[in-house]
Amino acid sequence: MSITLAAAPETGGGSLRRLLRAEEWQLALPLGLAFVALFVAPLLLLVGTSLFDDDKITQPGFGSWAKFFGDPFNYKVVADTLLLGVKTVCTTVLIGYPLALVYLDLPTRLQKVLIFIIVLPLLLSVVVRTFAWIVVLGREGMINQLLQSLGVISEPLRLLQTELGLVISLTQIEMPLMLLPLISVMSRLDPNLRDASAALGASRWRTLFTVIVPLSMPGLVAGCLLVFASSTTAFISQTVIGGVRLIYLPLLIWQQSLVVYNWPLAAVASLSLVVSVLSVIAALSWLGRRSSGHLHG
Amino acid sequence: MTMQSFNRRSLLAGASALGGASLMPRGAFAKGSLVATTYPGSWEEAYRAIVVPALKKKEDIDLELAPLFAMDQIGKAKASRGAPPFDVFILDPGPRIVGIEGGIFEKFDGKKLSNAAKLPAGFIDDSGICVGAQVVGIAYNPKKLPAPKGWKDLLVEPYVSRLGLTGFQTTFGTASLIELSKQFGGSLTNVDPAFVELKKVLPKIAAVGLPAAMPGLFQQGQCDVMYTNTQTVATLKGKGIDIEFVKPESGAVAFYTTMHIAKGTTETANAYKYLDLVVSKEMQEAMTKSPYNFIPVNKDVVLPPDLPMKSLDEMSKYVVQDWAQINPLRAAWIEKFNKEMAK
């Protein structure tokens, strides 16, 4: 095996290279096939399942669609789900962006430490991270105990099972997804640009908003996409920290598919989630392309 | 400059190590393996501690436990269409009926069990075998609250502002909400009075969560009173948590727990060996002990004094609900719970 491989460049190297160039798309074949088999086919199955009226999947029709979209409650659920994603994106940007700026100015050794700290949460299971937040946010949790011992509050605050608590914990849980693309783009920025901007008399703020932010836009948009998609579908965090009074689409899908067994309705809810999240993502990436086109064009 | 930690080589090495691990033969030296479901929490702990090693020792079978609530098991089995993700189910009465209707159980033959005669009459049928009973009532933290007397207490102070609520996803949740409804004029098939009363006090209720989250919320002091089964109370108590079980004045709810062999399994013989062991005197006796406190089905087991039920003959003193009537209504109840409880 290794002999043929080693010999290849000498004998048929040229033709091999030509072959590769001509048929480069074939390299994408394994992934493409996997994509069709594991993603497109199930999605079609989902669409097919949604086109049945009854939970036994025997009566074809649009009954499940009519049922789902005939209920104003479900509109609220879809809106709440998207809004949760927007809120999480906003907080991760507000906290993550300054952190990325700090990262740029750190010496390399400290940068490595920071990267490790950022990646650390990803090494823990989401279940563990979520339960840790119960310990922090709970009635007898760290925050309440601290505030009570400082005399700031007399009765424990209700943080768990509120949207505020959920957004706080999702911000921490999703933060790596914002920071990693952001940092990888920002660290490629030419440091001379900042000096040039300063030399031309721009204040630090002006440099930030007219040079750094526009140039980091691709990373920012990628981070927003990831955080949005991940937080709108974070079933465990949503249900464990948010409780079941805050109803988002993943909870609805879980109930319909695994508790009530109404798969057509679950399929409709799933497709609503896919479509609504994808349309926000499409809008975001359009924004991202526009801004980078603006930069280079 | 920065992200050397993510170079291709180390990523590839990590990924292939992970991938390689999953290719390792599973239980290559054991005679057989079996995947059985169990309920998360006390059942899982008891079965892991007692039954798994015993089955390995006696029959050389590797038992893999999949912790899932009853309804989830049915959902997964239905989703897998003929290739069951597990070989043996553990179910409550409601999901059992759904399972029988859906034809997802292998026809059960009690004659294949050496311990069949040790069980009361009627505990083995065509669909499966009864392995225990569960008692559902109220659990509270005695350090923080006086003992509640009945279901109605849950909706008044001091209990309501410490109440942890769960919906109709589980048997214990459904059973409790039905009992609560009965206190306000409802019935087995009418839970509307419970919704009306819950809605009045909703802002005060400490937590509304998924069933699996409740023990954690209780442990963290997020709620100090909830409805649950005796095994959960026993397990939490075993972990040093302040918790006591109360039989409500109107009676605690009791129901049988049954096990079934999945249709299409290739491990039928091992499944029978497992079930035979589960109802054996040694296993049943070990599981009656603290902290598990299971109610045994084997007639030879001598009952310890601290069980909620002294023997299964006492089932008649408990509230037993007819799940054939409950099942058709549950989907609508779950939807209603979403809407009524939503913020």
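**The nonpolar core**

Mentor: The largest nonpolar core has 131 residues, and those with the most contacts inside it are A269(A), V88(B), L163(B), V225(B), Y274(B), L275(B) and V278(B). Domain 1 (30-133 + 255-316) and domain 2 (135-254 + 321-341) of chain B both give residues to this core, so it lies between them; the domain bounds come from an automatic or database domain assignment. Apart from it lies another core, of 18 residues, among them A100(A), M175(A), M178(A) and V227(A).

This is a predicted model, in which local features need pLDDT of at least 70 and side-chain atom pairs count only at pLDDT 80 or more, whereas totals for chains, interfaces and linings use all residues. Residues are numbered from 1 along each chain as its sequence is written, while chains are lettered from A and ligands numbered from 1 in the order in which they are written.

As for the terms, a nonpolar core is a set of buried Ala, Val, Leu, Ile, Met, Phe, Trp, Tyr and Cys residues joined through C-beta atoms within 7 Å. A residue is buried if 20 or more other C-beta atoms lie within 10 Å of its own, exposed if 12 or fewer, and partly exposed in between, with C-beta atoms placed from the backbone.

Leaving aside its neighbours within four places in sequence, A269(A) is in contact (C-beta atoms, placed from the backbone, within 7 Å) with F68(A), L249(A), L252(A), I253(A) and Q256(A). Between the chains, the contact takes 30 residues from chain A and 26 residues from chain B. On the side of chain A that touches chain B, α13(A) gives the most, with four residues; helices here are DSSP runs (H or I, at least four residues), numbered from the N terminus.

Note on methods: Contact = placed C-beta atoms within 7 Å. Helix = DSSP H or I, 4+ residues; strand = E, 2+ residues; numbered from the N terminus.
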